[in-house]
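Visitor: I would like a close look at one part of this protein, with some account of what surrounds it. Please take it step by step.

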Amino acid sequence: LTADVSRMQAPEIRQERQSDLIYEGMIGDYLGGRLEGKVSEAHLLRRYNADRPALVEALARLQAEGIIRANPGYGWQFEDLLRTLGASDESQHFRLILEPAGLRQPTFRIDRKRLLACKKEQTHLLQNLSDRTRPSDIFAASVRFHELLAELSGNRFILQAIQQQSRTRRLVDYRSYQDLERVRSFYREHVAMIDLVLEGRMEEAAILMEKHILDVVHFKPGAFSATTSGNP
């Protein structure tokens, strides 16, 4: 029975992994200018040596993030890169207003158990970060940190806004991931903010959050290159 269950689950696990790799490869190629304009699914299947279900899943994620749209006839159209990055930069400036305000809310609740669990995750990523770390893992851990603080603000509208921003800030964040020392700096700040919150030093945490987001706003990297670009 156990063997049968394993056989049933394996294709789903493999497909999810391939979808992530295709997604990351397409993000890297899009930011690097290697994918633009109209493309067909047949071209993408060849380019990423992909199964169609995995490719469709990756395209759905990109469509939800406003990076690509389905053509009326067939194929897909990539959005203009400069316009997309401009929208992402606007998202970062909105976060600069919103996230420090969340830490200053009188309704902020210090949940020690969840904050310590988040600190453990952020510290683990910081200690194990390398050029083999997947960008999606870096991004997901960052999202969990920011959304936890937004949730603890006690203001559901702040949380909803931050969740929306998580879907639009990926490109700005991905542009910084090629600089591992910068990523380490971001995660050290995550840990420092958690420590400040645990100590009830909310104004200091809010000021550090402002610096943290400003560092992303002002970051102007060169050409993006993803380790997962090309054939995954």
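Is aspartate 111 buried or exposed?

Guide: Aspartate 111 is buried: its relative accessible area is 16%, and the cut-off for buried is under 20%. This is a predicted model, and the values that follow are computed from it.

Start with the position of the residue. Aspartate 111 lies in the loop that runs between helix α4, residues 81-103, and helix α5. Its side chain makes a polar contact with the side chain of arginine 109, at 3.3 Å.

Helix α5 covers residues 112-128, and its axis comes within 9 Å of the axis of helix α9, residues 180-198. The two axes cross at roughly 160°. Angles over 145 degrees count as roughly antiparallel, and α5 and α9 are therefore roughly antiparallel to each other. The crossing of α5 past α9 is left-handed. On the α5 side, the residues in contact include Arg112, Leu115, Leu116 and Cys118. On the α9 side, they include Tyr187, Val191, Ile194 and Leu198. Sorted by class, this contact between α5 and α9 has 10 nonpolar, 3 polar and 5 charged residues.

The axes of α6 (residues 135-152) and α7 (residues 156-166) come within 8 Å and cross at roughly 165°. That angle makes α6 roughly antiparallel to α7. Here the crossing is right-handed. Among the residues that make the contact are Phe139, Val143 and Ala150 of α6, and Ile158, Leu159 and Ile162 of α7. By class, the contact of α6 with α7 has 6 nonpolar, 3 polar and 2 charged residues.

Finally, step back to the whole chain. The protein chain has 10 helices and 3 strands, and along the sequence they follow the pattern α-β-α-α-β-β-α-α-α-α-α-α-α. Of the 232 residues in the protein chain, 47% are buried, and aspartate 111 is one of the buried residues. Contacts across the sequence can be counted as well. Among contacts between residues at least 6 apart in sequence, 74% join residues at least 24 apart.

How values were computed. Residues are numbered from 1 along each chain as its sequence is written. This is a predicted model: local features need pLDDT of at least 70, side-chain atom pairs count only at pLDDT 80 or more; totals for chains, interfaces and linings use all residues. Side-chain values use heavy atoms; hydrogens and water are left out. Axes are lines fitted to C-alpha atoms, for helices over the stretch in contact, and angles run from 0 to 180 degrees between N-to-C directions. Helices (H or I, at least four residues) and strands (E, at least two) are DSSP runs, numbered from the N terminus. Angles under 35 degrees count as roughly parallel, over 145 as roughly antiparallel, 65 to 115 as roughly perpendicular and the rest as oblique. A crossing is left-handed if the near helix is turned anticlockwise from the far one by less than a right angle, and right-handed if clockwise. Contact means heavy atoms within 4.5 Å. Ala, Val, Leu, Ile, Met, Phe, Trp, Tyr, Cys and Pro count as nonpolar, Asp, Glu, Lys and Arg as charged, and the others, Gly among them, as polar. Buried means under 20% relative accessible area, exposed over 50%, partly exposed in between (1.4 Å probe, protein chains only). A polar contact is a pair of N or O atoms within 3.5 Å; within protein, one must be able to donate a hydrogen and the other to accept it, and residues adjacent in sequence count only if both atoms are side-chain atoms.
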